[in-house]
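Have the structure open as you read.

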Amino acid sequence: MRKAALPQRNVDAMLSRRLVSESVGVTGTTVNCAGVDFGGPASVGSRACRSAQSVAKRVFDIVVASAGLAALLPSLLLVALAIKLTSRGPILFRQRRYGLNNQRFIIYKFRTMYIDRGDESGVLQTREGDERVTPLGRILRRADLDELPQLFNVVRGDMSLVGPRPHVPGMLAAGIPYEDLVQNYFERHLARPGLTGLAQARGLRGSTRNEEVARARIDMDLRYIQTWSLALDVRLIIETIWSEIRRAGNGI
């Protein structure tokens, strides 16, 4: 039997417990968070700590994503024009994905499939040599250029630059729904989904047909949530950019 998504109140409670126990160091009656000492009772300090962390990450996301959109605007326009000229259909592909606290949002990507062959549900994963993908789409996917419109999702607040990659509801792993394969699957939604994440930076990307790889991805997602810091976000962004440069150089 397929497991239902966690009720919102359960997700909120899990998030609060995890942030207090793993992101906040309690010393006596005060709370120390990321080197900042918040005076007063632990409950007050922990709330201040969570708020400070959340604001810092959000500001970082907005500044970097906005700068990225400004710098990449000419490239984004060229890709949009190329899609329009080479295949029939919209420039952007829109799809519902899981976001923070299991809330669903519309993700934006450059369309890489023929309009009459796409899978809006996203349950049917793209495979090597997939005939649904356009010739231009293969190039965009190879260089991950189809993901760039998600910078708009970051600015909107649907996503973060770094976090667990957003999954479609009902996503399959090893042939069964992911939430059936991994017991604590929904805990990955305690953070905003990201353009990249710890799993992707460590090479755990692509197909989820292999059960061991699928489980390892969720383990990495949860490890990121438990050990998050702005320094980690910066490092993962640099690692991702370097990885993309190496892939492009190798023609992969």
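**Reading contacts, rings and patches**

Q: Which residue does the side chain of Arg165 join through a polar contact?
A: This is a predicted model. The side chains of Arg165 and Glu147 are joined by a polar contact of 3.1 Å.

Q: Where does Arg165 lie?
A: Look in the loop between strand 6 (160–162) and strand 7 (172–173).

Q: Is Arg165 buried or exposed?
A: Buried means under 20% relative accessible area. Arg165 has 13%, so Arg165 is buried. Leaving out residues up to four places away in sequence, Arg165 touches Glu147, Gln150 and Met159, among others. Arg188, Pro193 and Gly194 are also among the residues touched.

Q: How many aromatic pairs does the structure hold, and how is a pair described?
A: A pair of aromatic rings is described by the distance of the centres and the angle of the planes. The structure holds three aromatic pairs. One of them, Tyr98 with Phe186, is edge-to-face, at 5.8 Å centre to centre and 85° between the planes. Tyr98 is in strand 4 (residues 92–98). Phe186 is in the loop between helix 5 (178–181) and strand 9 (194–196). The two are 88 residues apart, and the pair links distant parts of the chain. Both Tyr98 and Phe186 are buried.

Q: Why is the pair of Tyr178 and Tyr185 stacked?
A: Planes under 30 degrees apart count as stacked. The planes of Tyr178 and Tyr185 are at 20°, with centres 5.2 Å apart, so the pair is stacked. Tyr178 is buried at 0% relative accessibility, and Tyr185 is buried at 1%. Tyr98, Tyr178, Tyr185 and Phe186 form one aromatic cluster.

Q: Which residues form a nonpolar patch on the surface?
A: Val55, Val59, Val63 and Val64 do, with about 310 Å² of accessible area together. Val63 sits in helix 2 (residues 42–86).

Note on methods:
Residues numbered from 1 in each chain as written. Predicted model: local features only at pLDDT ≥ 70, side-chain atom pairs only at ≥ 80, totals over all residues. Heavy atoms only, no water. Patch = residues over 30% accessible without salt bridge, like charges linked within 9 Å, V, L, I, M, F, W, Y side chains within 5 Å. Areas by Shrake-Rupley, 256 points an atom, 1.4 Å probe, with all protein chains shown as cover. Salt bridge = Lys/Arg side-chain N within 4 Å of Asp/Glu carboxyl O. Helix = DSSP H or I, 4+ residues; strand = E, 2+ residues; numbered from the N terminus. Buried < 20%, exposed > 50% of the residue type's maximum accessible area, 1.4 Å probe, protein only. Polar contact = N/O pair within 3.5 Å; in protein donor to acceptor, adjacent residues only side chain to side chain. Contact = heavy atoms within 4.5 Å. Phe/Tyr/Trp six-rings, centres within 6.5 Å; stacked < 30°, edge-to-face > 60°.
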